[in-house]
Every structure is written in structure tokens, then in C-alpha cells.
Amino acid sequence: MRGSSSPAIEHTDVVVVGARCAGSAAAIAFARAGRDVVALDAARFPADTLSTHLLWPAGLAELRRSGASERVAQLGAPALTTAFAAGGGHQVRSSFTPVDGIDYAMCVRRTGLDAALVATAVDAGARVREGVRVTDLLWSGDRCVGVRYGDRGGARELRARLVVGADGRRSTVARLVGAERPRLNAPSGRDCYFAYWQDGAADQRHVAAQWRCGPDLGTAFPCDDGLLLSLVQPPARPGEPGAGRAERRYQEAIERLPGLRRRLRDCRRVGRVRSATGLASYFRRSTGPGWALPGDAGHFKDPVTAQGIRDALRYGRLLGELAAPALDDTEHLDTALTAWEQLRDSECLSVYQWTNRLARGTAMRPLEIELYRQAAADPALADAVTAVFSRTVHPEDVFTPARAAALAAGALRDSWRAPWPVIADLVGECRDTISERREARAFARTDPATVIPSRPPRGFLAASSGDRHA
């Protein structure tokens, strides 16, 4: 009989730490492949989390692939069939390029969305344990072979062939494997504040809207339960006093965005203002012997382009699909994990760089204003720009050197008496393009396995090879 100080020990194929978007998507894929999966989460679902939760058509297509779309549809979020953007005195309306037949976006609050994903994971055969917290990892040499976690019954050990750390930006698994220091990162120039409003504009419930004025950016996304999610991203102000800061900065930004202020005129705010400040986009080393980091644990982009949930669902699913057949052979598994990380990096880098440009927190530049002007008169261009958000085209396929030249020509026609801001913007565009290409080449050459941890991992638990679940 085990002594009271010894943890209870279990064995499984895969343990997933974090059961929200990336974790549930991975658990579903592993379970559907016939693998034994245990997902652990500190929350008890349904439970909210800090998120702006807009899903473009590509994100909804991933939700359908997970099998959770019917549950999510029952939450009642409206189909957002029109994208609206205003800035520089121009208004742009566009439609969505269909992805697997889905030609609309949706804004679904995380309380219902995550609960639907967890229920879908359970239906697929995953075992989900809520209200538990991972405290350490188990190791055999340099290979991760499980986790130690605590619940009401005390300490437990769960041995596994693979540990999936889907536990967010402040990932415990990333810290314990020494992957906290990013391979690539870019601080955001924007802070993020958002709140929910009881929506009083029934005729706007199909529109996903964004406004820009000066350096400020604001959005209005109708969501479930008759609510509206309104987010503002003013320029970052590090070190500003904290008392009442979120409420003050939120209201001040709304006042500086006349279009958003008008959209909220017949709405009533519900609940407090929530904030995310000190943001930075990054890629972390996301795989190693016996472990992987999908979702925000391994890669994060500023919320200005609303890509997080789609990527969490997609790369959680792909991790399960690629790794499940390889779990019985460690060499095969490590190869599959590396291939998964390389796929994610190659698919996400250009969107990461494009997002970082929009996250600078600066006023609209002459070429941006000209893009809005041309898109307002050219529905095909407007749809193409919107398609970048939904990942049906790459940023570099829309924002080409030829496009930059055409935008510069248009901007110069309107400001020929004072051309220098346009010329300076064009020079800056060329500089950014060159810098991004250099960054991409350097990133591609960097072997993630050679990234040195920011500090030695602490609190590692050793597991003998004889104890490991083979």
C-alpha cells in the first residue's frame, strides 16, 4: 500500500495541460486517432478567460473540423456577414471569402466557446480533469515523460509519451522546459481594453466593425446573448498609474473615435473594463523530446488582427494528427513534432510580421489612408484585404511592391504640393520589407533546439527509465 506522501501514479498516451482552444483541439485529434488522452485544466468549465474571441471564416472552419460547431451555434452569436473599416476619412465595406463554405465571421464569448470544445473533447474520448493544477514535469534523462499535478486528493503523477503544454502565454510547461525566452519577439505599441455592451442597434448585428482615428483603433463585434464586444487599442503607456487606469483609458479612447462612439450610442455597458497591457508577439521554441507547445504557449500575435483562436484550433488539431501515429516510437515522435513546429512557423511568420505593423500604435500613414481610399471604391481590393485576416491569402500576396507603388502614386496625386510625407512613407515601406525578409531568413536558419533557455529550469522532477510509461 502506497504511503500517504507518495503521489498516485497513472499512465496515458498523451497528457494535455490546458483544455481551452488549443488543448481541446489537440485532445480531440489524439482521441479520434484512438489514443488515450487526459486533459488537465485549473478552471472548471464553463469559465471565462481574457480574450477578444473574434473568429474569421477560417477560424469557424477549424471549429467545424473539431466537431464543436453545432454546440457553438446553439450559443446564439450572430453571423457577421459584413466587414466594415473606417479610417482617414474613408469607409470600406467588404464580404468574406468562403472557407469550406463559411462566408461569415462570429464573435463567441469564451465561456460558451471553451465549454463547447471541452464537451466535444469528452465526446471524442478524452478524459478532462478540471480544477487541477500542474506543478512539475517528470523526466527520464532529457525526455519529458509526464506531469505532477495537484487536486483535492493530493499530489498525483501522470506518465505519458507526450506532454502537450496548451496553457497560454504564461505557460507553466514552457517555463518548466526552459522555453520561456522567445526565438523571435516584438513588443506591441498598443494596449488593449475591452468591455461588453447590451447591443441596442439591431440593424448592425451582422457587421464586424473597426475604426481608426489618429493612433487609436477601436472595434465593435456583436456576440452571443445580445451583447456587443467593443475593444479599443490606444498607444501603449507603460508605467502609467494603475488605479482606475483601464476604465479611464477605455472611455478616453472611445471619445477619440467618433464612429465607435456613435455605434455605442444606443448600447448599455455590462460589467467592467478588462485589459491586456505590456503585450509582445513571439515565437517560442515549441517542441522537444516528449513535449510540445501549441496555442499561445508557443506562439502569440497581438490581438489587433484577431488570429489567436484560429491558430490555437488549427495547430492544436495538426499536432494531434501528426503526432498520434508516431507516439509508439520516440525517434518517429520527435521527427513529427519538429515537422509540426516547422509547419506552424512557416504558415504564421508573414501574418506575425503583418500583425506587428498594425500593432505599432502610430497614426495612419499616407499609404494606409490611400489603401482605404482605393478599397472604398474597389470591392475586389476590399475583399482581398479582408481575406488576409481570414488567412485565405497571404499578406505578401496583397501588399506587394506593385501595390505599394500604386498606393504611393495615388497618395502623391492628392498631395503633390507637399509630397515628402508620402515619399518618407514609401521609403519606410521599403525599409520594413527588407527588414522583414532578413528577419524571415534568420528565423528560418535558427534551429529551435539550439535556443538557450532564459534561465535554468527549476523544480524538475526526475523519473527513472524503469518508471517511464513505455
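Student: How much space lies in the second largest pocket of this model?

Tutor: In this predicted model, the second largest pocket holds about 1,200 Å³ of space. Its lining is made up of 48 residues, and those closest to the centre of the pocket are Thr-49, Leu-50, Gly-168, Arg-169 and Asp-296.

Student: Which elements give two or more residues to that lining, and which of them supplies the largest share?

Tutor: The elements that contribute two or more residues to the second largest pocket are the helices α1 (21-32) and α8 (308-323), together with the strands β2 (37-41), β8 (133-140), β12 (192-198) and β20 (299-300). The largest share, five residues, is that of α8.

Student: How many nonpolar, polar and charged residues does the lining of the second largest pocket have?

Tutor: Sorted by class, the lining of the second largest pocket has 22 nonpolar residues, alongside 13 polar and 13 charged ones.

Student: Is Asp-311 buried or exposed?

Tutor: Burial is judged by relative accessible area, with under 20% as the cut-off. Asp-311 is therefore buried, since its relative accessible area is 6%.

Student: Where does Arg-391 lie, and what does it touch beyond residues up to four places away in sequence?

Tutor: Arg-391 lies in the loop between α11 (379-389) and α12 (395-398), and it counts as buried because its relative accessible area is 15%. Beyond those sequence neighbours, Arg-391 touches Lys-301, Gln-307, Arg-310, Asp-311, Tyr-315, Glu-347, Cys-348 and Val-351. One of these pairs involves the side chains directly, for the side chain of Arg-391 makes a polar contact with that of Asp-311 at 3.1 Å. By way of another distance, Arg-391 and Arg-159 are 232 residues apart in sequence and 37 Å apart in space, C-alpha to C-alpha.

Student: Turning to the backbone, which peptide bond is cis, and what is the phi of Asp-100 and of Asp-225?

Tutor: The peptide bond from Phe-45 to Pro-46 is cis, with omega near 5°, and Pro-46 has its place in the loop between β2 and β3 (54-55). Asp-100 has a positive phi of about 55° although it is not a glycine; it lies in the loop between β5 (90-94) and β6 (106-107) and is partly exposed, with a relative accessible area of 46%. Asp-225, again not a glycine, has a positive phi of about 65°; its place is in the loop between β14 (216-222) and β15 (227-232), and at 57% relative accessibility it counts as exposed.

Student: What are the contacts of Gln-210 and of Gly-214?

Tutor: Gln-210 is found in strand β13 (residues 207-213) and is buried, at 15% relative accessibility. With neighbours within four places in sequence left aside, Gln-210 is in contact with Phe-84, Ala-85, Ala-86, Leu-217, Gly-218, Thr-219 and Tyr-372. Gly-214 has its place in the loop between β13 and β14, where it is partly exposed, with a relative accessible area of 34%. With such neighbours again left aside, Gly-214 is in contact with Thr-362, Ala-363 and Met-364, and its C-alpha atom is separated by 7.4 Å from that of Thr-362, 148 residues away along the chain.

Note on methods: Residues are numbered from 1 along each chain as its sequence is written. This is a predicted model: local features need pLDDT of at least 70, side-chain atom pairs count only at pLDDT 80 or more; totals for chains, interfaces and linings use all residues. Side-chain values use heavy atoms; hydrogens and water are left out. On a 1 Å grid over the protein atoms alone, a cavity is a set of points where a 1.4 Å probe fits but cannot get out, and a pocket is an open set with protein on both sides within 12 Å along at least five of seven lines; lining residues have an atom within 4 Å of a point. Grid points are joined across faces, edges and corners, and a volume is the space filled by probe spheres set on the points. Helices (H or I, at least four residues) and strands (E, at least two) are DSSP runs, numbered from the N terminus. Ala, Val, Leu, Ile, Met, Phe, Trp, Tyr, Cys and Pro count as nonpolar, Asp, Glu, Lys and Arg as charged, and the others, Gly among them, as polar. Buried means under 20% relative accessible area, exposed over 50%, partly exposed in between (1.4 Å probe, protein chains only). Contact means heavy atoms within 4.5 Å. A polar contact is a pair of N or O atoms within 3.5 Å; within protein, one must be able to donate a hydrogen and the other to accept it, and residues adjacent in sequence count only if both atoms are side-chain atoms.
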